[in-house]
Structures are given as C-alpha cells and as structure tokens.
Amino acid sequence: MVYSLTYRRPRHVASKRGSIASEKTGQSIGGSTLNNSQDAAINYGIPEALSFDRIIDGGTCPPCTTRDFMNYLIYIEHAAENLQFFLWYQDYTKRFDQLSENERKLAPVWTAEQAEAQALAMKDSPAPMKTINAETAALFKGTNFAAPKSTVVEMGRGNPFNTPPMTPENAERDSLAPSEYPWSDSGSTLRSGFKASHDKKSAGAFDAADIKLQPFTVQPFREEISRIIATYIADGAPRQLNLSSKERAALLHALAITTHPSAFRQVIRTVEWTLRHQAHQNFIRWTICNGNRPRVIFARGLGIVGIVGGIVAAILIVLSNAGRGWRVFSAFGFMIGISTLIAAWKGMCVVLHGMHHRHLRPWELFAEDDDASSVMEMKKGPFDSFGNSNSYEDQPWIAKYDKRNLIRKVFDREVWIQEPALRQIQDTIFLQALLGSVILTAICVGIFVALPRGRFY
C-alpha cells in the first residue's frame, strides 16, 4: 500500500526566532493543526500514524520513536531543550492536577488577564539598569561608552543584587509534594548542595529581571520550579530555552507569584509550536532518508553513471549500422540511472529500500561497544529533565566514527525499518522515482530512435 502519487515529503522548516502570534500558537495547544484530520496531515507530508502526538505518546516504532526524535534534536537540530521542557511540563501538569484541593489552592491560577496586565506594565516601565563591573567601567572611562557611576559595582564589596546568598541548610523546607523529579535519575528530593546552587541561579534570574522575589515555600513544587528556572529559563542556563527577554521576564513575574502550570502558558505555546511545526516536520523528512550521507552520495554517483552509460550506449548504436530497434536497449541504463538518481535526491538508496533496511545512525553504531555506564548515560541523560547541557562533543562514538574509512561508511551496518507508515512513505517515493524514470527514459530513447543511422561501422 502506498500514498498518493502526488505525495511530497515534508519541506524543511528553517529555524525562526520571535514570539509566535497568538492566533497561530493557539491552534496548536490541545491538538496539533497537523492532526485535525488525515488530509491536513498529508498536506504536510506527514501521515496520521507519524503525527507529533502519536510519537510523543509512544505509538510509533523505530526509527520514529520519542527517543529517536530526541536523538535527532540533540545531534542534528541541536534543540533538544524544547522537547525536554515539553515532556517535563506534560508530566508536571499531571502531577499538579493530582494534588489535593487544599494544596492546589496554595498556587493560584495565572489568568490571561493577569498576563496581559503584566505585559502592559512591563511595556510602560523602564528597563532595569544593568550593573557593570568596576574593572570593565575603568576601561571605558573618559570615552563615549563610559557607564554612569551609579551602575558601577565593586566586585570585592559583594553586590547583594548580583549574587543572592545561599539558603542555610537548616532553613530548607521541602515542598508539599512527595516526589518532584520523576524525570530525574536520582528520583529523590534535592541534596542541600544542589538545592543551594539552583536556588542561587534562580534568584539571580529574578534579580536580572528586576523582580523582588518573596519565596512562597509552602506552594507545591516550589523547589522544582527553582530548578526549572536554573536549567531552562535563567540567562546562561545549561538548557536555556530560546526566549525573548520579554517572554523570560513575563514568565519570571508569573513564577514569582505562583507555581501553577498556567504560569508557563505563553512559553509552552512557543515551545510546542516550534516542536509541532518545525522540529517534527524536519524529523520526519530526515527519517525518510534510509542511508547515511556517504551512501546517498554514492547512490547519486551510481545514478549518474547509469545515465551516462545509457547515453553512451545509445550514441554507439546510432553511429553503427544496427537497426533502430537496437537503440531501445539503452533504456536499461536510462531507467536504472534516473530512478536511482531521483530516489537518492530524496535521501533514499534503492538497494536499502529493496530490503526495507536503513543504516544505523553514528551514535547507534557503537552503543554495543561502549561500556555500560556510557550507554546508560546516553540513554537516560536526554530524558533527565534536570540534566546537564545537551553537548555531545565528548561522547566516545564521535572519535570512533571519524576514524571509520569512507568505504566502510558507505557499507555500514543496516537494520530493518520497523515503522509501517515510514515504509509506506518510502514505497511511495520509490514508485514516484520509477514512474519518473519511465517517462524520462521514454523521452530520451525516443530522441535517439528518431536519429538516422550513422553507418560508421
């Protein structure tokens, strides 16, 4: 079974920055615009079986699972923090809804009216004045870039607005929730050292936004929110979301008052819109390719060789005394070459497709060779909502793959494609390549058949 012959794979969506229009983001919350109907999904080149919600809910097979999506965002698109934050928010919302009514009342809903009023207040109020290191100010003294004296801070004096003091260990107070970090490997409450570090970063983010924070520690999940701010929201955070300064300030104003999930309303809209309408489409487009880059380039080369072979064969027959019927044999070279080239142009190798195989990704190749700790870190790390940055330059598979010679990369290890919907898409593209090659071959052979015989030999 294949899709329509007019099927087109998802187009590549370039990364964009800027707040998403409310009417645009509002369509994606509570259901993707791609999934309103199967026709709407197909218009984007994504069938219903590979929809964003289906992947997130675990209803797909390799290589289209949530883990595959995460690996793509880490190694290819370099934007895994969006999916990590989205998964945390989904789980956080579920856990918040499971609290008792008395606990939920401690964190009031952050309404849209409050958000709009806060946005207007931020628009009318002047931007907070930034403090400048005394040594930096001395460099620009006497120039047009000299800073006002009131903004210069002596680092040795300890500016209380620059680095808030750590909370004493005996002053710790756990939130009301029994377990706040289900995505974390530790699966337990914070150690005092880590808590102080995250509290410090979180308080620094509030200070940078000129927000006077009154920590309501009795609110549920207040400690977890501090970790989220330190991991995703604060400037320079290890998994900092790509938010504008206004979005960050508005979110921090909301979180200073409540830990209710509605405080993340605008940010989660931006994150979800990016995942659904950019990352998801790019992921499906990338997954359709069944070969690595060396293999696809090799397939393109074979396609060009086949076409050149068909042209050479046709020319030799035209210049000979052979009858016109013999020129039809050049169609084999044309058909094989054109179909291979069309498929390779869309990232597919026809040989791998014939077996419904795909190449293993570079990070999958050496998973069995690495020690158990490295494998566990690679598998669990991305799904730890409070992990380190998504940098992968120090992972052992990179050096090993770089040492792999070109021939071995072309004929790398293969694995069967388990996802039926992906196989259907590839079948459709292969059929399109065959039909395109038949049409172009008929035109090329027709031209050579119409030429008179050369009778040179």
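**Reading the terms against the values**

Tutor: Let us begin with two helices, α14 (residues 331–345) and α20, whose axes come within 8 Å and cross at roughly 140°. The model is a predicted one, and the crossing of α14 and α20 is right-handed.

Student: What makes α14 and α20 meet, in terms of residues?

Tutor: Contact requires heavy atoms within 4.5 Å, and residues of α14 including Phe334, Met335, Ile338 and Ile342 meet residues of α20, among them Leu434, Val438, Leu440 and Phe448.

Student: Which secondary structure elements does the whole protein chain have?

Tutor: The protein chain comes to 20 helices and 4 strands. Of its 457 residues, 45% are buried, and among its contacts with a separation of 6 or more, 80% are accounted for by residues 24 or more positions apart.

Student: Why is helix α10 described as largely enclosed by the rest of the structure?

Tutor: The count gives the reason: 12 of the 12 residues of α10 (residues 222–233) are buried, so the helix is largely enclosed by the rest of the structure. The buried residues of α10 include Arg222, Glu223, Glu224 and Arg227, as well as Ile225, Ile228 and Ile229.

Student: Why is glutamate 224 called buried?

Tutor: Buried means under 20% relative accessible area, and glutamate 224 has a value of 0%, so glutamate 224 is called buried.

Student: How do you know that glutamate 224 and arginine 95 form a salt bridge?

Tutor: The rule asks for a side-chain nitrogen of Lys or Arg within 4 Å of a carboxyl oxygen of Asp or Glu. The closest N and O atoms of glutamate 224 and arginine 95 are 2.8 Å apart, and the pair forms a salt bridge. Glutamate 224 lies in helix α10 and arginine 95 in helix α5 (residues 80–97), so the pair ties together parts that are 129 residues apart in sequence. Arginine 95 has a relative accessible area of 11%, and therefore arginine 95 is buried as well.

Student: How many salt bridges does the rule give?

Tutor: The count comes to 7 salt bridges. One of them joins arginine 404 and aspartate 412, with the closest N and O atoms 2.9 Å apart, and both arginine 404 and aspartate 412 are buried. Salt bridges that share partners also join Asp53, Glu272 and Arg276 into one network.

Student: How do you know that arginine 423 has no salt bridge?

Tutor: The limit for a salt bridge is 4 Å, whereas the nearest side chain of opposite charge to arginine 423, aspartate 427, is 6.3 Å away.

Student: Where is phenylalanine 221 found, and why is phenylalanine 221 called buried?

Tutor: Phenylalanine 221 is found in the loop between α9 (192–208) and α10, and phenylalanine 221 has a positive phi of about 65° although it is not a glycine. At 2% relative accessibility, phenylalanine 221 falls under the limit of 20%, so phenylalanine 221 counts as buried.

Student: Which kind of peptide bond joins proline 62 and proline 63?

Tutor: Most peptide bonds are trans. The bond between proline 62 and proline 63 is cis, with omega about 10°, and proline 63 has its place in the loop between α3 (52–56) and α4 (66–77).

Technical notes: Residues numbered from 1 in each chain as written. Predicted model: local features only at pLDDT ≥ 70, side-chain atom pairs only at ≥ 80, totals over all residues. Heavy atoms only, no water. Buried < 20%, exposed > 50% of the residue type's maximum accessible area, 1.4 Å probe, protein only. Lys, Arg positive; Asp, Glu negative; His and termini not counted. Axes fitted to C-alpha atoms, helices over the stretch in contact; angles between N-to-C directions. Left-handed = near helix turned anticlockwise from the far one by under 90°.
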